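Student: Could you walk me through this structure, please? I'd like to ask questions as we go.

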Number of protein chains: 2
Amino acid sequence: MSDIRSKFLEVYSVLKSELLNDPAFEFSHDSRQWVERMLDYNVPGGKLNRGLSVIDSYKLLKEGKELTNDEVFLACVLGWCIEWLQAYFLVLDDIMDNSVTRRGQPCWFRQPKVGMIAVNDGLILRNHIPRILKNHFREKPYYVDVLDLFNEVEFQTTSGQMIDLITTLVGEKDLSKYSLTLHRRIVQYKTAYYSFYLPVACALLMAGESLENHIIVKDILVEMGTYFQVQDDYLDCFGDPEVIGKVGTDIEDFKCSWLVVKALERCNEEQKKLLYENYGKADKACVEKVKELYKVLDLQGIFVEYENETYERLLNSIESHPSKAVQAVLKSFLSKIYNRQK
Amino acid sequence: MSDIRSKFLEVYSVLKSELLNDPAFEFSHDSRQWVERMLDYNVPGGKLNRGLSVIDSYKLLKEGKELTNDEVFLACVLGWCIEWLQAYFLVLDDIMDNSVTRRGQPCWFRQPKVGMIAVNDGLILRNHIPRILKNHFREKPYYVDVLDLFNEVEFQTTSGQMIDLITTLVGEKDLSKYSLTLHRRIVQYKTAYYSFYLPVACALLMAGESLENHIIVKDILVEMGTYFQVQDDYLDCFGDPEVIGKVGTDIEDFKCSWLVVKALERCNEEQKKLLYENYGKADKACVEKVKELYKVLDLQGIFVEYENETYERLLNSIESHPSKAVQAVLKSFLSKIYNRQK
Ligand SMILES: [Mg+2]
Ligand SMILES: [Mg+2]
Ligand SMILES: [Mg+2]
Ligand SMILES: [Mg+2]
Ligand SMILES: [Mg+2]
Ligand SMILES: [Mg+2]
């Protein structure tokens with residue numbers, strides 16, 4: 001595992017050096033240095049779960065057959081493409097949300113001399129993906145499918161981001177818009193496709209599979225991604241800040257969280273009034289009132305119920321899948337998230 | 001001509017309606033309306049030169065053969081992809097430059113309720129391109145080449161934008177960085193590839209040509225794009241504001257303009273001092289001093305010389321091309337820009 005991680009990080013250096021010497025652009029000393037610094041700041045500093053899961057998934061699809069060096073390398077390359085995609089989303093999301101920190105350091109656009117250049121840096125990150133894919137997959141029979149896959153998933157993610165932005169930022173904060181359907185739609189498009197479906201889809205393509213034959217796999221992974229985000233919403237309020245590594249602010253931020261949606265579903269008129277009056281306020285007392293209501297409505301119990309039901313349902317779907325190898329991939333994802341505390 | 005234009009605008013409506021009903025995303029009423037308004041505001045309001053030139057070029061490549069309806073439609077689709085690309089660049093460029101107006105209306109990000117959501121809207125515009133291409137070109141033998149082409153040109157454009165940004169915005173305004181090499185590099189990457197090469201490359205692909213066999217065409221078009229930008233820089237200072245439709249501000253904005261580069265090349269120590277002291281200041285008197293210096297250095301004469309030499313050289317290169325049809329395409333571009341006053 002730590003072996004795979006160090007191999008994965010080696011591949012980052014290879015890709016970076018290719019990009020800094022891309023013959024399609026004449027770098028000057030300054031521009032090459034700018035891109036290098038921007039990449040090192042934004043790409044490799046995360047948990048790398050998405051990227052690493054391409055390699056894990058590909059291994060499981062090969063059912064224990066030893067991978068060649070070339071296969072490991074290519075799976076790492078696809079994994080890095082997902083990490084690049086993630087970096088692109090995060091750099092731009094932080095600008096749009098006017099965020100302060102990311103991964104324990106100031107957001108890129110807050111670095112001295114960066115500012116709004118970060119918008120273009122986000123685009124550079126995004127543009128690196130097809131450069132990387134062309135360098136390493138142009139001759140593969142599935143090249144066009146990988147391009148289509150990344151394009152479709154990126155389209156879905158930006159579309160999910162759009163509904164998130166237009167429901168929370170328009171200055172018309174309105175709890176009555178929040179529903180389970182809206183929550184599911186935001187989460188599915190903004191997070192699930194690129195975080196859960198994309199890594200497995202990459203591994204399937206590398207294994208010679210056609211994605212049209214794996215609609216069920218997609219549906220299961222998207223549901224897992226939704227479940228993952230519900231956990232995220234839950235932990236934001238009820239998790240241990242020491243363990244999750246941050247203090248949640250979804251209530252203050254008027255987020256369309258699973259918790260507030262569930263609370264709206266379950267509250268009486270009086271409790272609804274309390275929610276409308278206190279949700280989305282920075283005031284500590286307001287936040288406490290909302291948390292108190294969540295407890296009164298037993299959202300902790302409701303969450304445990306949701307988690308167990310979802311786990312059972314996902315496990316059943318997985319076990320109905322005809323391929324043991326695919327089952328192994330999906331179970332590996334599920335086991336990583338079930339009951340997680342961070 | 002006006003016939004082609006109205007046909008072209010019809011195709012916009014078709015593409016818009018496909019995008020608003022894209023099965024890869026579940027639109028809500030609000031999100032569909034948002035995208036429609038955003039498209040109408042940003043995509044069709046320009047001069048449409050880039051888009052229309054795909055159709056012109058394709059016609060010339062077909063040497064007078066009547067085009068089928070299907071061919072006209074597909075050429076329009078590729079033309080619109082370039083207009084979408086342009087809209088994406090402009091929406092984000094206006095944010096980065098903190099601009100006020102664009103095409104005679106407030107910049108998109110300055111619209112009430114839009115603000116930083118415009119960043120994501122730019123990405124949506126960009127993501128529409130592969131959706132459009134997939135809808136209409138997935139089964140064409142040149143599908144993968146069109147994808148590669150748009151990816152490469154976008155990479156070059158964002159790279160050109162990067163050098164523009166890091167040389168002018170870093171808060172280290174320094175005239176000594178400005179040179180003809182830097183000017184050429186910014187212009188070539190930021191403008192020439194997508195404005196001049198891309199439309200012709202699209203037409204060549206539709207005509208069944210392989211772009212690898214047309215490196216010379218690319219070089220000629222990139223040089224034409226550079227020439228076009230030199231004219232733009234010249235007109236910014238010496239053009240008639242009534243005719244060009246705006247009052248130039250390159251001097252105030254400390255732009256790496258062809259004029260300032262030429263002035264630096266030709267001035268003596270005393271004139272250089274004047275330039276360093278007055279370039280990039282909003283003060284009307286400073287701007288006048290710079291303009292006076294440009295006149296003293298006879299930049300108007302130098303420009304006429306540059307224009308005639310470039311025209312001759314381009315015409316020679318074009319006439320050495322073995323294909324009469326390709327010559328016709330290139331001459332059509334050249335005749336549109338030679339001696340332009342706006
Ligand atoms: Mg954010
Ligand atoms: Mg956000
Ligand atoms: Mg969260
Ligand atoms: Mg601008
Ligand atoms: Mg700009
Ligand atoms: Mg100009």
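Student: Where do B:Asp93 and B:Asp97 lie in chain B?
Tutor: Both lie in helix H4, which covers residues 69–97 of chain B, and they are 4 residues apart, about one turn of the helix; helices here are DSSP runs of H or I with at least four residues, numbered from the N terminus. This is a predicted model, where local features need pLDDT of at least 70, side-chain atom pairs count only at pLDDT 80 or more, and totals for chains, interfaces and linings use all residues. Residues are numbered from 1 along each chain as its sequence is written, chains are lettered from A and ligands numbered from 1 in the order in which they are written, and side-chain values use heavy atoms, leaving out hydrogens and water.

Student: Which residues coordinate the magnesium ion (ligand 4)?
Tutor: B:Asp93 (OD) and B:Asp97 (OD) do, at 2.0 to 2.1 Å, where donors are N, O and S atoms within 2.8 Å of the metal (3.2 Å for Na, K and Ca), and sites may look incomplete because water is not among the atoms.

Student: And what about ligand 5?
Tutor: That magnesium ion is coordinated by B:Asp93 (OD) and B:Asp97 (OD) at 2.2 to 2.3 Å, and B:Asp93 bridges ligand 4 and ligand 5, which lie 3.3 Å apart.

Student: Is B:Asp93 buried or exposed?
Tutor: B:Asp93 counts as buried because its relative accessibility is 16%, whereas B:Asp97, at 40%, counts as partly exposed; buried means under 20% relative accessible area, exposed over 50%, and partly exposed in between (1.4 Å probe, protein chains only).

Note on methods. Helices (H or I, at least four residues) and strands (E, at least two) are DSSP runs, numbered from the N terminus.
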